[in-house]
Amino acid sequence: MEKILLLGGGYASLSFIKNLNKNTLKKYDITLISKEDYHYQSVLLHQVVSSGKNININYKEILPQEVTFIKDQILEIKENEVVGLKAKYDYDFLIIGLGFNSDDFKIPGVKEYAFDIVDFKNSFTIYEKMKNYDNNLEIAVCGGGFSGIELLGNLAHDLKKINKNFKLKCIEFMPTILPIFDKDLALQAQLYLEKLGIEFYLNSKIIQCQKDGVIIQKNNAEEKINANFILWTAGVQGNPVIGNSSFFNSQRNKIEINAFLNPLNQEKPMNNIFVLGDCALLKDANNKAYAPTAQLANQQSQYLAKRFNNDFKFNDFFHYQNKGILCSLGENYAIGVIKNKSIKGSLASYIKKFIELQWLLKLKGLKALLG
């Protein structure tokens, strides 16, 4: 029986497993390896930071009985073998669904003084530290992209609920926030957040993070933004396991992949290896890399599962279809684009929550959700 080894238990790996049919599950020896014994919805980490929300689901609750789970930390990937902290694992097919890691761009002080939001544990640690801090919270969020803005919106609402005296500041290198959206929609988001009291420092280059603030450069002058909590959302890269694996040619811990999701530009063909989600670098027809999103990871996984289900007789190329994107600005407000139409407000928020619920339904089923 051929072995399928899956690394990482995020959206990519679980979506692949959930899209395998019964025959495929029985045909292969399938093992999932993750450093934690639970899956968490990484798109909701901002809610963990702002409110301590539990977004974890134990793998025992969601994995089919045909799939073996092993808790281990992956250290290195080699040809036909994966090295873990506890053991070594061989494979016939390898599916890499490892998550992302923060990118500090070698800016001084980021590692020492900034909190990055890369998994459930460290996100919950940030929440507890802020919750137990005195009432004069000054929080600087470095990065006005998707993650940073969702974090700011939720912090503004959730900190108010616990009667904290706080100031929220957003530092962004670009002249606008949310570059993934058009300027008008991004400006509407900024105005909404400013009404919640959030201060924006745009066109601001981060020079250094310090214990009590962030040094920025703006208009050729340096300025210090005071903060007792610095939250880093300014950039991500792939999982460091990729960079630690000399078996691959990679950049920023990402592996460029072809239209079959196999590694590209390697010393030898790797037709039995597939890279999904945050560690994959996939380019469009204009040679521009797709942003790593849960939507992209899910579509990649569905495509790959279809190939396995059809004994690799299905040989169409993978094509990504952007079905829309929604950004939460707090509890009941969001902005986004669906089918090329802008949407905002409570309706956008409800749609986003419905999409998140669909993922839980896929993982656990309706009966389990209803208890």
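**Reading salt bridges**

Student: Which side chain meets Lys 121 in a salt bridge?

Tutor: Side chains of opposite charge can pair when their charged atoms come close. Lys 121 meets Glu 36, at 3.5 Å from N to O; a salt bridge here is a side-chain nitrogen of Lys or Arg within 4 Å of a carboxyl oxygen of Asp or Glu. Lys 121 sits in helix α6 (120-131) and Glu 36 in the loop between β2 (29-34) and β3 (38-40), so this pair ties together parts 85 residues apart in sequence. Helices (H or I, at least four residues) and strands (E, at least two) are DSSP runs, numbered from the N terminus. The model is predicted, with local features needing pLDDT of at least 70, side-chain atom pairs counting only at pLDDT 80 or more, and totals for chains, interfaces and linings using all residues. Residues are numbered from 1 along each chain as its sequence is written, and side-chain values use heavy atoms, leaving out hydrogens and water.

Student: Is Glu 36 buried or exposed?

Tutor: Buried means under 20% relative accessible area, exposed over 50%, partly exposed in between (1.4 Å probe, protein chains only). Glu 36, at 13%, is buried, while Lys 121, at 48%, is partly exposed.

Student: How many salt bridges are in the whole structure?

Tutor: A search finds 13. Among them, Asp 212 pairs with Lys 224, their closest N and O atoms 2.7 Å apart. Asp 212 lies in the loop between β15 (205-210) and β16 (213-218), and Lys 224 in strand β17 (221-226), so the parts tied together are 12 residues apart in sequence.

Student: Which residues form a network with Glu 356?

Tutor: Glu 150 and Lys 352 are linked with Glu 356 by salt bridges. Glu 356 and Lys 352 have closest N and O atoms 3.9 Å apart, and both are buried. They are four residues apart in helix α11 (346-364), about one helical turn.
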